[in-house]
Amino acid sequence: MNHNQQLQTRQNTIQQLFANPVRLLAPMEGLTDPLMRQILTQIATDLGRPYDWSVSEFIRVTQTVLPAHVFYKYVPELHYDAKTASGTPIHIQLLGSDAQLMADNAAYAAELGAPAIDINFGCPAKTVNSHRGGSVLLDEPEVMYEIINTVRTAVPTDIPVSAKIRLGYTDTSRMDDIKAAIATSGADWLTIHARTKTQGYKPPAYWDKIQNFYNLDIPVIANGEIWNAEHAQNCMMQAGTNHLMLGRGAVTRPDLIAQVDGNNNDTATLTALAWEDLIGHQIKFLEGAAKSDVVLVGRYKQWLAMLTKGYSEAKILWDSIKREKNKAAIISALRMSVR
């Protein structure tokens, strides 16, 4: 396949991906790991509205081209055509500040089977920012451009390259510079978390400011503070885009994607996921692969604590097992939590 054919293939891919409003599962460090992705994408598929794709937790690029086992650790789906068991594609997200090193790692990820590369300019973590990664680069739009453009050049032409950003680092004063960098970088689409780094995850999200990027000649995806269907509708209206990335709301209510599109889908029966229907998925999570049961229990409690915001039954269960360390005891309590 020559360059022009690869370019046409990529353009066709992007056109197909965005032919309808897309719904993505967000990359959330320490939360949407492979096990959580497997569970959440399966629930969405079972409810009749699968995620169009998910993005991996960021893979940190610092000093070298990472070995294959690192990519497989973060994205074991690469062994299975880069899809979860339910068939949801997984795009690879990279984070770093060295343009050529990012490009070399992106090219290798594509060689391993990544269907698309996403570049993280949104992570607000202090440890990441202090090492010149994530959202701190929003204060260096010229570096953002260099990274995206170098990655775009290095990755096979038919593989899409996207970027995820926030509205700015400490404030929004550089939004126009950021937009200009994205516009000329070669990025195929852009995801925007509608807050600055300084604003973190504190409500509200400023969806209306996403409209400042609407005249880019690429699709724009809105993200941030979408907890229910009403939020989703308000976000799309204010942001001026029909494309959404769902984050913590999708972990708190794993049926959120179905609720968002429940009134717009005539071909599937979309209903809320009752607590009793979620129990099997929680048990599957607790029986998933991990370094140890201690790790699994800790990860499950993190999820259960979030579920308390979406299910009253989760709050009752949390109060009864929050100090429990035995996995079998937690599974037993979970099975007994059905009213």
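Modeller: Buried means under 20% relative accessible area, exposed means over 50%, and partly exposed is in between, with a 1.4 Å probe and protein chains only. Helices (H or I, at least four residues) and strands (E, at least two) are DSSP runs, numbered from the N terminus. This is a predicted model, in which local features need pLDDT of at least 70 and side-chain atom pairs count only at pLDDT 80 or more, while totals for chains, interfaces and linings use all residues. Residues are numbered from 1 along each chain as its sequence is written, and side-chain values use heavy atoms, with hydrogens and water left out.

Biologist: OK, how many residues of strand β6 are buried?
Modeller: Strand β6, residues 161–166, is mostly covered, with six of its six residues buried.

Biologist: And which way do the side chains of β6 point?
Modeller: Val161, Ala163 and Ile165 point one way, whereas Ser162, Lys164 and Arg166 point the other way, and all of them are buried. In a regular strand the side chains alternate between the two faces of the sheet.

Biologist: Which strands does β6 pair with?
Modeller: Two strands pair if DSSP finds at least two bridges between them. Strand β5 (residues 117–121) pairs with β6 in the parallel sense over five bridges, and valine 161 in β6 is the bridge partner of isoleucine 117. Strand β7 (residues 189–193) also pairs with β6 in the parallel sense, over five bridges, and there alanine 163 has leucine 190 of β7 as its bridge partner.

Biologist: Now β9, where do its side chains go, and are they buried or exposed?
Modeller: In strand β9 (residues 243–246), His243 and Met245 point one way and Leu244 and Leu246 the other, and all are buried. Strand β1 (residues 23–25) runs parallel to β9 and is joined to it by three bridges, with leucine 25 standing opposite leucine 246. Strand β8 (residues 220–223) pairs with β9 in the parallel sense, over three bridges, and isoleucine 221 stands opposite histidine 243.

Biologist: Switching to charges, how many salt bridges are there?
Modeller: The structure holds 15 salt bridges, a salt bridge being a side-chain nitrogen of Lys or Arg within 4 Å of a carboxyl oxygen of Asp or Glu. One of them joins the side chains of aspartate 33 and arginine 299, at 2.9 Å from N to O.

Biologist: What about lysine 83 and aspartate 81?
Modeller: Their side chains meet in a salt bridge at 3.8 Å, N to O; lysine 83 is partly exposed, with a relative accessible area of 34%, whereas aspartate 81 is exposed, at 59%.

Biologist: Last one, which residues gather in a patch of negative charge on the surface?
Modeller: They are Asp98, Asp104, Glu142 and Glu146. Patches are made of residues with over 30% relative accessible area and no salt bridge, with like charges joined within 9 Å and nonpolar side chains (Val, Leu, Ile, Met, Phe, Trp, Tyr) within 5 Å. Glutamate 146 lies in helix α6 (residues 141–154) and counts as partly exposed because its relative accessibility is 43%.

Key. Areas by Shrake-Rupley, 256 points an atom, 1.4 Å probe, with all protein chains shown as cover. Lys, Arg positive; Asp, Glu negative; His and termini not counted. Charge placed at Lys NZ, Arg CZ, Asp CG, Glu CD.
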